[in-house]
Amino acid sequence: MAKEKGANVINGAENEGTEAKGGGCPFLKKRKKAVADLAEAALAVPMDIEDLAAAGGRHKACPYYAARHALPRADLVFAPYAS
């Protein structure tokens with residue numbers, strides 16, 4: 001896994017039980033239903049990154065993977081841009 005870059009490392013960590021450095025997201029492992037529920041909540045009410053992170057804490061679900069789960073069904077997505 002050391003030679004993988006970027007999204008492949010993240011995807012690999014999800015698929016391999018969060019072997020990435022630091023053990024991965026504590027709200028992802030064994031919390032797939034909570035992540036799906038958070039994705040549904042994110043689709044129901046517009047959220048910015050801070051709102052999604054706070055909702056992730058309340059749902060005990062990974063906001064990163066919830067956003068990825070919701071993405072295919074989203075009508076509009078804003079992404080921050082930094083130069």
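The model is predicted, so local features need pLDDT of at least 70, side-chain atom pairs count only at pLDDT 80 or more, and totals for chains, interfaces and linings use all residues. Residues are numbered from 1 along each chain as its sequence is written, and side-chain values use heavy atoms, with hydrogens and water left out.

**Exercise 1.** Find which residues of helix α4 are buried, and work out how they are placed around its axis.

*Solution.* Helices are DSSP runs (H or I, at least four residues), numbered from the N terminus. Buried means under 20% relative accessible area, exposed over 50%, and partly exposed in between (1.4 Å probe, protein chains only). In α4, which covers residues 63-70, the buried residues are Y65, A66 and A70. Viewed down the axis of α4, its buried residues fall within an arc of 140 degrees, so they line one face of the helix. That arc is taken from the directions from the helix axis to the C-beta atoms.

**Exercise 2.** Search the whole structure for aromatic pairs and classify what you find.

*Solution.* Rings of Phe, Tyr and Trp (its six-membered ring) pair if their centres lie within 6.5 Å; planes under 30 degrees apart are stacked, over 60 edge-to-face, and the rest tilted. The search gives one pair. Its members are Y64 and Y65, with 4.9 Å centre to centre and 85 degrees between the planes, hence edge-to-face. Next, check accessibility: Y64 is partly exposed at 39%, while Y65 is buried at 10%.

**Exercise 3.** Locate the salt bridges and say which parts of the chain each one joins.

*Solution.* A salt bridge needs a side-chain nitrogen of Lys or Arg within 4 Å of a carboxyl oxygen of Asp or Glu. The whole structure has two.

- K33 pairs with D37, their closest N and O atoms being 3.2 Å apart. Both sit in helix α2 (residues 32-44), four residues apart, which is about one helical turn. K33 is exposed at 62% and D37 partly exposed at 35%.
- R73 pairs with E40 at 2.6 Å, N to O. R73 lies in the segment after α4 and E40 in α2, so this bridge ties together parts 33 residues apart in sequence. E40 is partly exposed at 38%.

**Exercise 4.** Describe how α2 and α3 pack.

*Solution.* Helix α3 covers residues 49-59. The axes of α2 and α3 are 10 Å apart, at an angle of about 140 degrees. Axes are lines fitted to C-alpha atoms, for helices over the stretch in contact, with angles from 0 to 180 degrees between N-to-C directions. Angles under 35 degrees are roughly parallel, over 145 roughly antiparallel, 65 to 115 roughly perpendicular, and the rest oblique. α2 and α3 are therefore oblique to each other.

Note on methods:
Helices (H or I, at least four residues) and strands (E, at least two) are DSSP runs, numbered from the N terminus.
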